[in-house]
Amino acid sequence: MIGSTIRNRELEINVFRGRALFAGFVILIALSVVAARLIYLQVIKRDHYYTLAEANRISLLPVVPNRGLILDRHNEVLAANYSAYTLDVMPSRVKNLDAMLEELNTIVEIQPRDKRRFKRLLEESKNFESLPIRNRLSEREVARFAVNRYRFPGFEIRPRLFRNYPHGDVASHALGYIGRINDADLKRIEEADLTSNYRGTDHIGKLGIEGSYENELHGTTGTEQVEIDAGGRAMRSLATTAPVAGNDLTLTLDIKLQKVAEQLFGEGRGSMVAIEPSTGEILALVSRPGFDPNLFVDGIDPQNWDLLNTSLDKPLLNRALRGAYPPGSTLKPFLALSALESGKRTPQQSISDPGVFRLAGVAHYWNDDKPGGHGVVDMHKSIVVSCDTYYYQLASETDIDETAKFLRALGFGTKTGIDIDGELEGTLPSRQWKSNRFAKSTSEARKWYVGDSISAGIGQGYNSFTPLQLAHATATVANDGIAMRPRLVRQITDTATGKVRSTAELDANKPAPKNFKPENVAVIKAAMAGVVTEGTGARVFANAGYVSAGKTGTAQVFGMKRGEKYVAGRINERLRDHAWYIAYAPADKPTIALAVMVENGGFGGTAAAPIAKAVLDFYLLGKKPDINKLKAAQSEPTVSD
Amino acid sequence: MSLRSAINRVFDILTRRLDAPLMVTMIVLAAISLTVIFSASGGNTFDRALGQLRNFCVALVVMWIVANMPPLLIMRLAIPVFVVGLALLIGVAVMGETRNNARRWLNLGFGVIQPSEIMKIAMPLLLAWYFHKREESLRLADYAIAILLLVVPSALVMRQPDLGTAILIFSAGFFVIFLAGLSWKILLAGAVAAAAAIPFAWPFLHDYQKQRVYTLLDPTTDPLGAGYHIIQSTIAIGSGGWLGKGWLAGSQAQLDFIPERSTDFIFAVYGEEFGLVGGLLLIALYLVIIGRGLMIAMNAPTTFSRLIAGAVTLSFFTYAFVNMGMVTGILPVVGVPLPLMSYGGTAILSLFIGIGILMSVSTHKQLVAT
């Protein structure tokens, strides 16, 4: 019994040892597998995993460049940057946004206006984008949020550059504004192959200078190589390529003149463009009412947006470039110049004006503004007194297409080539134009009639041009017939090199517009000077202290029945005539040419000429305008033009 | 009695029951553990490393006590420990605390414990005791009873659900049965049956458990979810190369890309910073412990001491293998700490108790052999 127990024990020990050895063998194999795996990972695939680890660790962050400054011609700052903190939200990382915002409100004030603006951004954005919920946080708010940060996953404070327009709504249409990059912008950026340069940038120039000079203003985005942790937080900087700030733009605008000119329009609607004739530099580009571009910088809130968009006064419309109005009598000097150039008229050729123009075989007749007529009228007098009959007759004898050809050379019906986008061509009537315009109508309606020529012949009819076009044509005459491309940017200062490029040099490569014969231009200039001394502008410009030249214009908005007397008070305000005045000064050596248009202002000599005079007074004499005096001049009894 | 002999005597009392090869290897491992934990906790705070040092010290005392207990005494504790462990497991099933969708914890009023940890030791103890008692007349029925004793607590743990721990408990018990000599035929049949059962058991797995298997097969299917751990740990280890990136210099470790970097995934930190050389050294140290453990087991005088020493050793290997296999991406992700390396008091304590048992077995054999 004992023996078998011992034998049993020995057997059992042997079994155990066998099993233990077997286990040891398995263990050796298993650990060899682990070792082999380590060799595979750490020797054979080491480079692969090393690359992956580096890719994990290193992230390229964009460093957004400072946007270029915008200065006026005297280096007054019109658009600048400042740094401030924003509170950004990544909506995709926040579960209950509304509740979170409520909670956030106890730490950082979130006004209903911020919420509305945020909702708007949210609708426009992609889900993974990070959007600002509050801009310009105070130091206190930044500190308070930092302490409570853990409570708000998905929310983050970021320092950011903001755009500031210190002059508010002054020159808003010329400057434009910057706003958040939207889908359309993104597409353009992609098409221009600039996607990498816009990494990290969330604003882009939308209109005006900001929009058209985006490429100069934006600058080159830098990169920062940072080491990041698994949560994506930057731990330390490894290497940096500094961004290159955008280029600074010096404008041709004189912001003081601009401000004065805008004041002169008061609450009214209208536009004025003032150009330096010898260079084409735009001294002032007014479109009233304007808007405050600062509203757009952070994404405009819906309330303000609706206000701007639905206002009957259309404050967002850049009237100087995009408002096309019948020019009325302001077109006469240019029609006269066309007649001289084409040989249709000599300066001395006269007509006798009985106060009415009749065409053989046509029952219709055309009235002159002045009952009884102006008597014997040559070209000089036709401009000075603004004789309609002279131009009815001229139009009846001139083919409309020929008139169009000469007017086009003066920039009518074509883009002036101003260096910001969006200008309209206006309407320069011709046979081709009418046929196209009424392409869907009967062939009768598409035909050009002599009657069309006659109403077009005094700047009415189908004619409609922008204030910029009128100012440009006036400047061309003032510059003795040499047209200069109108320009808003004077020079571009390269921030990286400090090198200054003048846009005049850049323009030199472009084809020069057609010039006019100096002797013909001289006739027109003399006549426009006569307007101020003895004609329709004489009363306003009496004792001006400088010699100017000009032309009044009153453009019908609303067709009157024959025999009906135009009484401003009886007509709806918005159907009243547009008042025009074009001018340049000093008459002998012009330094400024301008076109003033007062929408529904009534007579040009009354509503527009006083504004032109106040602008010239300020520009030439430094005289601050007296708004009361201006109002008084504008309410003088109407004079005909 | 001179001072010298007094010191000698105290030293003798302290070291008499310790096993030199095991002790030296463990000290080296503990030193490596502290070094890596310091790095894994960011390299700028001693909090974790000191915590781990405390774990080691406490566990060392417990180990010393266990080592000084004769195997006979340890065997007598088998039943009470197992009964208490089983009772607590049932308690968990009935009134356990649920965290992260798993019911693993039991609040005893004075503290929250995880009874499955107790089972890791209690299970092999009980089975070793059982086979010891039945050594004279071991029959097939005894194996059946042993398997029943093994399956019930394992199933309870698996239901919590805690597949990793269930596997460890099951394997610890299985090692005893295997070493006790269950016939190869039955083992083979069992293996075939288990393999055949997989398709039937599969639907009963939890989604996250299935996901872990999918993730093992192709971690890239879910790079930000379940696959993230494995992808990041293999990147860490692979990028370490031959010699590693150096202590505190592993970008994956220092920049938080390795999850659970001081606990379950500490091997990734170690592999990144100390490279293949470090990894092979660790495997070698484990082999020393395993080899020494098997030697002790083979030389043990009684069935109980043989079986418990063998099972403890094989369990130790299982922990190491499952963890390293998981971190290097050859086994699915199961929450098993790397023995003597991962931060964590409970794991260190149970490992030290196991090694204490080994030491007890190795130093008490003369007394029992008679």
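Biologist: Which residue in β2(B) stands opposite B:Arg99?
Modeller: Strands here are DSSP E runs of at least two residues, helices are H or I runs of at least four, and both are numbered from the N terminus. β1(B) and β2 (residues 102-107) of chain B run antiparallel and are joined by three bridges. Opposite B:Arg99 stands B:Ala102.

Biologist: Before we go on, what kind of model is this?
Modeller: Residues count from 1 along each chain as its sequence is written, while chains are lettered from A and ligands numbered from 1 in the order written. Local features need pLDDT of at least 70 and side-chain atom pairs pLDDT 80 or more, whereas totals for chains, interfaces and linings use all residues, as the model is predicted.

Biologist: Back to that sheet: which strands sit at its edges?
Modeller: Two strands pair if DSSP finds at least two bridges between them. The sheet is open, with antiparallel pairing in the order β1-β2-β3 (chain B). Pairing on one side only are β1 (97-99) and β3 (112-113) of chain B.

Biologist: Which element gives the largest share of the side of chain A that touches chain B?
Modeller: Contact means C-beta atoms, placed from the backbone, within 7 Å. The interface takes 35 residues from chain A and 39 residues from chain B. On the chain A side, α1 (2-44), α2 (46-57) and β8 (222-228) each give two or more. The largest share, 20 residues, comes from α1(A).

Biologist: Is A:Asn543, with its positive phi, buried or exposed?
Modeller: Most residues other than glycine have a negative phi. A:Asn543 has phi near 55° and lies in the loop between α24 (538-541) and β19 (549-555) of chain A. Because A:Asn543 has 4 C-beta neighbours inside 10 Å, the label is exposed.

Biologist: What is omega for the cis bond into A:Pro586?
Modeller: A:Pro586 sits in the loop between β20 (578-585) and β21 (592-598) of chain A. The peptide bond from A:Ala585 is cis, with omega near -15°.

Conventions:
Two residues are in contact if their C-beta atoms, placed from the backbone, lie within 7 Å. A residue is buried if 20 or more other C-beta atoms lie within 10 Å of its own, exposed if 12 or fewer, and partly exposed in between; C-beta atoms are placed from the backbone.
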